[in-house]
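Student: I'm new to this one, so please pick a single part and take me through it slowly. I'd like to hear about the rings.

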Amino acid sequence: MQRPTLSSMKNLWAGGQRRGKNTQLCVAGATVAAAATFLVVGGISRAERHPDLDLSGYELVFDENFDSLDVSGRGPGTRWIAHTPWNGDFGDALFVDPTPGFPFTVEDGILRIEARKDDDGQWRSGLLSSTDPSGQGFQMEYGYFEMRAKMPPGPGVWPAFWLIYNRSPDSSLEIDVVEYYGHAPDTYHSVVKVWPKNDAVEEQTYAFMHQIPWGTLVDEYHDYGVSVEPDEIVFYLDGHAMARAPTPVEHMGPLFILLDLALGSGFPIDHTKNPSYMYVDHVRAYRRLGE
């Protein structure tokens, strides 16, 4: 199991030269079909329209404001654990168990995740997962998920906010609400990915690259959200709908939350700022009333 990365698809995105019979390169506004790989670039400027998000029919069911942080290495019994629950950490920085002051600190309701290169030459950083290896913790099949955060500057950083359903014997569903690559501060990425576990399931990828003003995501806090419903997945930035994809039929169970400050993703980290910081104001999840 691995996360979909820009490096694994960058040849396709760059010019569509590696498209096969089940892939297609799309531009903004094009109609998309299922069981394919897509890239949508750009979209309507947020300044040209009012926010689209309406949570009036929802209830808040997960509210992490980071007044404190309840975390352990792998649980059980804490709100967060500091590794992926399937023992599949990734990237060029080790995700480490929390110790006082590293890699997580909280102050004035803000979580700071730190990536640091130590004297041994190894980068270390932090990840949070809302469920532990036994499946205990917060998870939700349908609803709206959101992180308010400020991204770290500089090349090599790879922060993300993402969701996983991976308890089916046939496939895993991954929804990357935001993946940010520090060498390209005028874009960020959202991805819907079906990972097959056997030959009965076809791999699917819906990949969206959002163009934003240069440096905006580093200089300011923004709300990165996704609405997951039985028929459609909609990505939001500050309440504005940025991209849509059909909900794969493989989505058959509850999603849990991950956020992290990873490094690399196939891009060099030689000039990554040491230390680098990601700041998170809140993580929330909303469920439709009555469900």
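Tutor: Phenylalanine 208 counts as buried because its relative accessibility is 3%. Here buried means under 20% relative accessible area, exposed over 50% and partly exposed in between, using a 1.4 Å probe and protein chains only. Phenylalanine 235 is buried too, at 1%. Keep in mind that this is a predicted model, where local features need pLDDT of at least 70 and side-chain atom pairs count only at pLDDT 80 or more, while totals for chains, interfaces and linings use all residues. Residues are numbered from 1 along each chain as its sequence is written, and side-chain values use heavy atoms, leaving out hydrogens and water.

Now for the rings. Across the whole structure, a search turns up 14 aromatic pairs (Phe, Tyr and six-membered Trp rings with centres within 6.5 Å; planes under 30 degrees apart are stacked, over 60 edge-to-face, the rest tilted). One of them joins tyrosine 181 and phenylalanine 267, edge-to-face at 5.9 Å between centres and 65 degrees between planes. Tyrosine 181 sits in the loop between β12 and β13 and phenylalanine 267 in the loop between β18 and β19, so this pair ties together parts 86 residues apart in sequence. Both tyrosine 181 and phenylalanine 267 are buried. Back to phenylalanine 208: with phenylalanine 235 it makes a tilted pair, 5.9 Å centre to centre with 55 degrees between the planes.

How values were computed: Helix = DSSP H or I, 4+ residues; strand = E, 2+ residues; numbered from the N terminus.
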